[in-house]
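User: I am new to this structure and would like to learn how to read it. Please start with the strands and then go on to the salt bridges.

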Amino acid sequence: MSSIPTRRDAIGTLAAAAFGALAPGRAFGRAWEPRPSGDLPYGAAVRWSALDHDDAYRAALLERCRIIVPEGEMKWADLRPARDVFQFENADHIADFARRNGLALRGHTLAWYGAMPEWTNAIATAREAERELVAHIETVVSRYRDVVSSWDVVNEPVPERPASIGDLRPSVWTRCLGDSYIATAFRAAAAVDPTATLVLNEYDVEFVGGRFTSRRDSLRHILRKLLDQGVPVHAVGLQGHLFAERAIDRDGLQAFLSEVKSWGLKVLITELDVVDKTLPTMEAERDRLAALKVDDFLDAVFSAIRPEAVITWGVSDRYTWVPIYFTRNDGRPNRPLPFDADMKPKPMMAVIDRYLRRDV
Ligand code: XIL
């Protein structure tokens, strides 16, 4: 018998861990030690370039995470340098790391407007687009079927500012297929792996303000339509890239989540972090305010539904996407994540832990 745990083993162990017992004969390490009943899994996005070289980072991940998700290694730009080429090396490394360490793996992402290789701009017809999209999904989902338990099938379908309710974010997929690309992607993923949790992942749906309300309405509309068409969508991913200066729309988020819950959908928090561009320079104060923002958000989410998992977009400030777009004016490094750049837990981690343990 192989010593590599399969996804089904991992799911079994996850369930066993939730009920306070480890599956016999498997040494999954600390992330899989028995947990109090009701304890939710915490996870983080990972970068292979760091995981491969940085012992402290790897240790922090293994100590804390029960789920990992590749930050970029499963995006089209990484996997598909050319039309006829699949390049799996880095994604494979992450999948092996998950298998070896008994971690659940989430896949990110199968259909997105972003991180698309140049060659996809030449896709011209509906037939060609459908063929490329479905073939990609079949190849990628089947390759990681044993280890990926959940896919962000469609990422960010809602436009930055929806002009109307059916409005979608432009991409090669909408250009050739209109809104049918969403159903096509979910159906293709489900056909290959009927047991995976298939997620529609979106951002900027949790704040107070007209733009965020209309984004929430658009997301709701997409989900309702998919369900009406019998499309296998199982969960909504709330990315949760929070901004320190934006208030959480507690009532709006609660109403949205209660509704999608009543439709039988699950919810995951998939990319939590706090963009700290406008927070004070003093680190202790900055960390305190970031933790409070996370508390506000989780409180609103948990008041409507218990999410399946809380996943942050990275574990440590040492490796974060935030400075790509949101560098601070004082020149100080951003501090968006639960561990600081020295791998010390910050108040944000304590807040997340509190919700993971909460029975609601
Ligand atoms: C980001 C990665 O973190 C960066 O490393 C990359 O350069 C750009 O993409 N929402 C998403 C993620 O769904 O895929 C994005 O990840 C962050 C925003």
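Analyst: Two strands pair if DSSP finds at least two bridges between them. Helices (H or I, at least four residues) and strands (E, at least two) are DSSP runs, numbered from the N terminus. This is a predicted model: local features need pLDDT of at least 70, side-chain atom pairs count only at pLDDT 80 or more, and totals for chains, interfaces and linings use all residues. Residues are numbered from 1 along each chain as its sequence is written, and side-chain values use heavy atoms, with hydrogens and water left out.

User: In S3, which residue is the bridge partner of isoleucine 68?

Analyst: That partner is leucine 105. S2 and strand S3 (residues 104–111) run parallel, joined by 2 bridges. Strand S1 (residues 42–46) also runs parallel to S2, with 4 bridges; there alanine 45 stands opposite valine 69.

User: Which residues cover the two faces of strand S2?

Analyst: In a regular strand the side chains alternate between the two faces of the sheet. In S2 (residues 67–70), Ile67 and Val69 on one side and Ile68 and Pro70 on the other are all buried (buried is under 20% relative accessible area, exposed over 50%, partly exposed in between; 1.4 Å probe, protein chains only).

User: How many salt bridges does a search of the whole structure find?

Analyst: Side chains of opposite charge can pair when their charged atoms come close. The search finds 30 salt bridges (a side-chain nitrogen of Lys or Arg within 4 Å of a carboxyl oxygen of Asp or Glu). One of them joins arginine 64 and aspartate 353 at 2.6 Å, N to O. Arginine 64 lies in helix H3 (residues 55–64) and aspartate 353 in helix H13 (residues 347–357), so the pair ties together parts 289 residues apart in sequence.
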